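Welcome! Please take a look at the sequence and structure below, and then we will walk through one chain together.

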Amino acid sequence: MPEPFRVILFIIFVMAFAGLNAAYLVWCERKGAGHIQRRIGPKEVGPFGLLQPIADGIKLMTKQLFLPKGADPLLFMAAPLMVMVPAIMSFMVIPFSETFVAREVNIGLLMIFAFASVNVLGLLLGGWGSGNKYAVIAAARCVSQNIAYEIPMLVTTITMVMVTNTMNLNEIVRAQAGWFFHWHIFRLDISLLMPVAFLIFFVCSLAETNRAPFDMAEAESELIAGAYTEYPGMGFGVFFMGEYANIVIGCALSVILFLGGWQSPIPFHPVGFLGVIWGLFWFLTKLYALIFTVIWIRWTYPRTQFYELLNLSWKVLIPISLFNLILTALQIKIFPWL
Amino acid sequence: MSGYFKELISGTKSLFIGLGITGKYFFEPVVTMQYPMEHVEMTPRFRGHIELIPDEETGEPKCVVCGMCQKGCPSKCISLEGEKREGVKGKVLTKYILNFTTCSLCGQCVESCKFGAIRFSKDYNLAGPRKEDFIFDLIKRLKEKS
C-alpha cells in the first residue's frame with residue numbers, strides 16, 4: 001500500500017475508533033450502570049437505546065458555546081483539545097494486530113507516557129482558565145493525584161521494559177507468544193509479583209484517567225463537575241471524548257504489557273489477512289473485557305476520600321512497585337534459574 | 001508492619017467481594033417497571049376513588065338510589081339522583097357524581113351501602129391540570145368501561 005494512502009487511512013481509522021469508542025462506551029457505561037443497579041438503562045432512542053449517543057451528541061453540539069466571565073479565553077478553549085489530541089495521538093503506536101499498527105515506533109511506550117502527561121496539563125489549564133473556584137480546586141487535586149499515580153505506573157512500566165528489553169509495543173507483544181501462560185501476568189518465573197504488578201498498573205491507569213473511584217477531577221457531589229464546571233456544550237463533550245479515549249489507551253496498555261496484546265491464548269496464529277483479523281479479535285476481546293471491568297469498578301466502589309487516595313499511592317503502590325522492580329531485577333540477573 | 005500487610009490483603013479481598021456482588025447483580029433480572037408502558041396490578045385492599053358495580057345480567061348499576069352513601073359521606077362529595085320508570089321495580093339511577101377533590105377515601109359510602117352497589121376502584125393514574133378533571137360522573141364511567 002502506498003505510504004500517504006496508508007497514513008490517511010490510519011488517521012481516519014484512529015479518529016473514527018476514538019470517536020465511536022467515546023460515543024458507545026457512554027452507552028455501555030449507562031447500560032452497565034443500569035444492569036448493575038438492576039435497571040434497564042437507556043432504551044427509548046433506537047433499539048436497546050443504541051441511538052442514544054447520537055442524540056446526546058446532537059444535544060451537546062447544539063448548545064451555545066460561551067466564555068464565562070473572568071475566564072482566560074485561550075486556555076479555556078485549548079484545554080479540551082489538550083485532553084483529546086494526546087489521546088488520539090497515542091493510538092498511533094498501539095498494535096491492534098501484528099501488522100495492524102499505524103507506526104511501529106521503537107519508543108512507543110515512552111511516547112504514550114509522554115502524551116499521557118499532557119492530559120493532566122489539559123485538565124489543569126481547563127480548571128485554571130475557567131476562573132471558577134471549584135474548577136481550580138479540582139485542577140489542583142487532579143495534579144497531585146496524577147503526580148502520585150504516575151510514579152508507581154512508571155516504575156511498573158520500567159519493570160516491564162526490563163523484562164522485555166524493548167519499548168516497542170509490538171515487540172513486547174511478540175515476547176508473549178505461545179500459550180496464555182506466556183503472557184506476562186502469568187510469568188511468575190520472571191517476577192513472583194507479576195499479578196500484583198498488573199493490579200498496580202491497572203489501578204494507576206484508573207487514577208491517571210480520572211476514573212471512579214479516583215474521579216477527583218469531576219467529583220460531582222463535592223465540586224459540581226470539577227474542572228469541567230464552566231464548560232458548555234461541545235467543550236465538555238471533547239473533554240468527555242478525551243476521557244474515554246484515555247480509558248481505551250490505558251486498558252490497551254494493560255493488555256499489551258500484561259495480557260499478551262494480540263496474542264491468542266493458544267499457540268495458533270494464521271498467516272496473512274486472516275492473521276490480522278485473528279490478532280485484532282483477541283486484542284479487542286481483551287481490551288473490551290478490561291474496559292468492562294473499568295465500568296464495573298465504577299459502579300461498585302464509592303469515590304475515595306482525597307487523602308485516602310494519596311495514602312494508597314504513597315504508602316502502598318509506590319513501595320510495592322519499587323519492591324517489585326528490585327525483585328524482578330534480582331530474578332533476571334542474579335537468580336535466572338528461578 | 002504485619003498490620004500493614006494484613007490490612008492490605010483483607011482490603012484487597014473486600015474489594016473483590018464487592019466486585020462479586022455487583023457482578024452477580026449484573027446478570028440478575030431487572031426489578032424496575034417501565035411505568036408508562038407497564039402498570040402495577042393494585043393490591044386487593046387498595047382504595048382508589050369509588051365506582052359503581054354493574055348488575056351481572058343487565059349491566060345496569062345495582063344502585064337503588066337509597067341515598068345512604070350520600071348521607072354517610074362526611075365530606076359531602078357524593079351527589080346522586082334517581083327516577084321512577086315504567087315496568088322497573090324501585091328507582092333507577094340517573095346521576096351519580098363524585099367530587100374527588102374533597103374525598104378522603106374514608107370508605108363510609110362503601111360501608112353504608114347495603115346493596116353492594118359501590119366499591120373502591122383500582123385507578124391511580126389520576127393526575128390532571130384542571131379541577132373539573134376530578135368531578136367524576138360514575139354512570140358515564142361505568143358505561144365506558146363495559
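Chain B has 4 helices and 5 strands, where helices (H or I, at least four residues) and strands (E, at least two) are DSSP runs numbered from the N terminus. This is a predicted model, in which local features need pLDDT of at least 70 and side-chain atom pairs count only at pLDDT 80 or more, while totals for chains, interfaces and linings use all residues. Residues are numbered from 1 along each chain as its sequence is written, and chains are lettered from A and ligands numbered from 1 in the order in which they are written.

**Overall shape**
- Along the sequence, the elements of chain B come in the pattern α-β-α-β-β-α-β-β-α.
- Chain B is more spread out than a compact globule, because its radius of gyration is 27 Å, well over the 15 Å that the globule rule gives for 146 residues (taken over C-alpha atoms; the rule is 2.2 Å times the number of residues to the power 0.38).
- Along the principal axes, the C-alpha atoms of chain B fill a box of roughly 100 × 30 × 30 Å.

**A pair of strands**
- Strands β2 (residues 78-84) and β3 (residues 91-99) of chain B run antiparallel and are joined by 7 bridges; strands pair if DSSP finds at least two bridges between them.
- B:Glu81 has B:Lys95 in β3(B) as its bridge partner.
- The hairpin of β2(B) and β3(B) has 6 residues between the strands, and B:Gly87 there takes a positive phi near 80°.

**Meeting chain A**
- In chain B, 11 residues are in contact with 10 residues of chain A (C-beta atoms, placed from the backbone, within 7 Å).

Key:
Contact = placed C-beta atoms within 7 Å.
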